[in-house]
Amino acid sequence: MNIISFLFQLVGSLGLLLYGMKMMSDGIQKSAGEGLQRILGLMTGNRILAVLTGLFITMIIQSSSATTVMVVSFVNAGLLTLKQSVGVIFGANIGTTITAWIVSLFGFKFSISAFAVPMFGVGFLLVSYKKIRKESIGEALMGFGLLFLGLDMLSNIMPALNADNVSFLTNFTNKGAFSIFLGIIAGMIITMIIHSSSAATAIILTMSYNGLLPWEFAAAMVLGSNIGTTIDAVIASIGTKVNARRAALVHVLFNVSGTIVAVIFFRALLALVDILVSGPVNQETITTHIAMLHTVFNVSNTIIFLPFVSQLAALTERLVRPKVDETPDTYHLEMPQGGQKEQAAGAIVLVEKEIADMTEIVFRMFNRVRDSFANRTIAAKQEYKEAQIQDEDYADQMHQGISQYLVHCLDLPLTDNQRNNVSQMLEVVAQLESMTDDCNSISILLSRSIEKNMTFAQEDLERLDPYVELVNRFVLFIREHINRHLNEEKLSEAKTIENQIDHFRKNLKKVARKRLESGADVRSELLYIDLVRQLEKIGDRAFSISEALYLTK
């Protein structure tokens with residue numbers, strides 16, 4: 001029964017942590033707007049400020065795990081970029097050393113869980129009293145509170161770690177390099193169990209002060225705790241967007257790489273600590289040595305890796321790829337440089353790949369539209385709305401980025417055919433972006449029809465089926481032929497599909513007008529006509545793309 005109880009409490013604590021992070025992230029997105037984003041952007045505007053931000057936050061809440069989880073949620077909410085998050089994570093690692101100094105000097109550890117219940121209570125009041133109009137802020141505060149409670153519960157459900165039940169570690173000390181390796185593993189496991197490197201360091205300090213751990217083994221455990229503390233960021237990144245998962249990986253890479261460097265220079269690191277503490281290790285000074293080691297390790301780590309923030313972010317982008325049907329948060333396309341004709345040709349090949357990716361977004365969005373016509377309740381689901389909005393927003397960014405890129409391409413030494421193709425690509429990109437707008441508009445209309453309890457006759461929905469499939473046929477046609485020159489035969493095929501769509505649209509609108517004249521529900525019929533018109537616009541844009549492809553050489 002004890003095992004079952006433990007498992008239930010573990011699952012519940014993890015659920016509380018993850019739900020708290022989601023609630024906080026949602027509240028931030030709703031309440032922050034551009035104002036908080038500008039403030040956060042200012043605070044993390046350069047690497048030094050980003051480090052100081054992470055340091056300051058962690059000094060206040062006394063938990064690098066909580067800070068890193070918040071960073072992951074900020075990245076997930078789009079309020080921090082991946083590069084900005086790197087510096088904050090560096091600073092959080094330095095900030096967490098304050099706890100070691102407090103324990104070492106005063107024997108006191110401050111608990112962030114003391115804020116959890118009051119914070120949740122304040123958030124609940126803001127959510128409950130609608131007149132205040134601060135529901136989103138209240139939701140974010142409730143999320144903070146649940147996050148802290150989750151972290152605290154994860155620590156409390158584990159057996160209390162004290163000198164008695166970890167005394168077995170003394171059997172593995174004084175064995176040279178093997179002891180250092182075991183110490184790192186032990187520190188990592190203890191920190192992963194209690195979900196707090198600060199708490200793990202406090203335990204190491206207590207055991208060392210009581211003479212249970214020698215200096216070198218305790219130092220190795222401190223290094224291991226820096227790896228174990230990354231578990232919370234990894235857990236918090238489950239189910240988040242790609243950049244949030246990358247931010248969690250930054251934390252893992254930073255701490256693991258720093259530990260490897262520290263192990264390589266282990267003796268030198270301990271000698272430096274002895275110099276800074278001004279004296280050899282004994283029972284009276286060992287806690288100060290451990291606190292100083294913790295500080296020197298994290299400060300040195302930050303100094304070493306801070307110049308390589310961009311490279312570290314780029315590495316995580318390579319290691320963590322978007323999931324299937326997942327769109328990154330931001331779009332970036334490096335501008336082409338002036339030079340030779342070969343470079344110009346390479347630039348055009350690169351932009352063709354980007355246009356193909358943009359076409360895939362259109363295809364993905366219209367597939368969701370097809371599904372929602374088959375079952376309208378799909379359009380009302382939050383995940384469906386979020387996916388359409390995210391894809392549409394990313395397509396807007398692609399439109400801007402690719403268009404700027406193509407304009408720069410015109411300054412390269414292009415042939416006449418290449419210059420003509422660049423002009424046609426600008427038209428294709430503009431039409432693809434408009435198609436994503438149309439897909440999102442259809443999704444909004446379908447969602448609104450459910451929210452306002454609008455009903456359509458089954459025969460009307462059945463009439464739409466072949467119309468939707470005809471538009472889908474055109475979307476597939478564009479997907480198949482994108483970046484290819486269309487000959488007369490293919491352009492004629494595109495024109496045939498366009499004419500069929502126009503013919504369907506006229507018939508469907510005619511039927512809807514007759515129903516209006518016979519006294520049908522005005523709101524439903526007007527919305528039905530809007531849906532028909534939006535679908536036709538997708539066909540019009542597909543034909544414009546076909547014409548642009550026909551004019552390419």
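Contact here means heavy atoms within 4.5 Å. With that in mind, let's look at this predicted model. Among the contacts in the chain with a separation of 6 or more, 83% join residues 24 or more positions apart.

The chain has 21 helices and zero strands. Some overall values for the chain are gathered here.

| Property of the chain | Value |
|---|---|
| Share of buried residues | 50% of 553 residues |
| Accessible surface | about 25,700 Å² |
| Share of that surface from carbon and sulfur atoms | 61% |

Helix α3 spans residues 64-76 and helix α12 spans residues 242-264; their axes come within 8 Å and cross at roughly 150 degrees. Angles over 145 degrees count as roughly antiparallel, and α3 and α12 are therefore roughly antiparallel to each other. The crossing of α3 past α12 is right-handed. On the α3 side, the contact is made by Thr-68, Val-72, Val-75 and Asn-76. Their counterparts on α12 are Asn-243, Ala-244, Ala-247, Ala-248 and His-251. Sorted by class, this contact of α3 with α12 has five nonpolar and four polar residues, with no charged ones.

Now for a loop residue. Asn-483 sits in the loop between α19 (458-481) and α20 (488-517). Its phi is near 70 degrees, a positive value in a residue other than glycine. How does Asn-483 count in terms of relative accessibility? Asn-483 has 29% relative accessibility, and partly exposed covers the range between the buried limit of under 20% and the exposed limit of over 50%, so Asn-483 counts as partly exposed.

Technical notes: Residues numbered from 1 in each chain as written. Predicted model: local features only at pLDDT ≥ 70, side-chain atom pairs only at ≥ 80, totals over all residues. Heavy atoms only, no water. Helix = DSSP H or I, 4+ residues; strand = E, 2+ residues; numbered from the N terminus. Buried < 20%, exposed > 50% of the residue type's maximum accessible area, 1.4 Å probe, protein only. Areas by Shrake-Rupley, 256 points an atom, 1.4 Å probe, with all protein chains shown as cover. Axes fitted to C-alpha atoms, helices over the stretch in contact; angles between N-to-C directions. Parallel < 35°, antiparallel > 145°, perpendicular 65-115°, else oblique. Left-handed = near helix turned anticlockwise from the far one by under 90°. Nonpolar A, V, L, I, M, F, W, Y, C, P; charged D, E, K, R; others polar.
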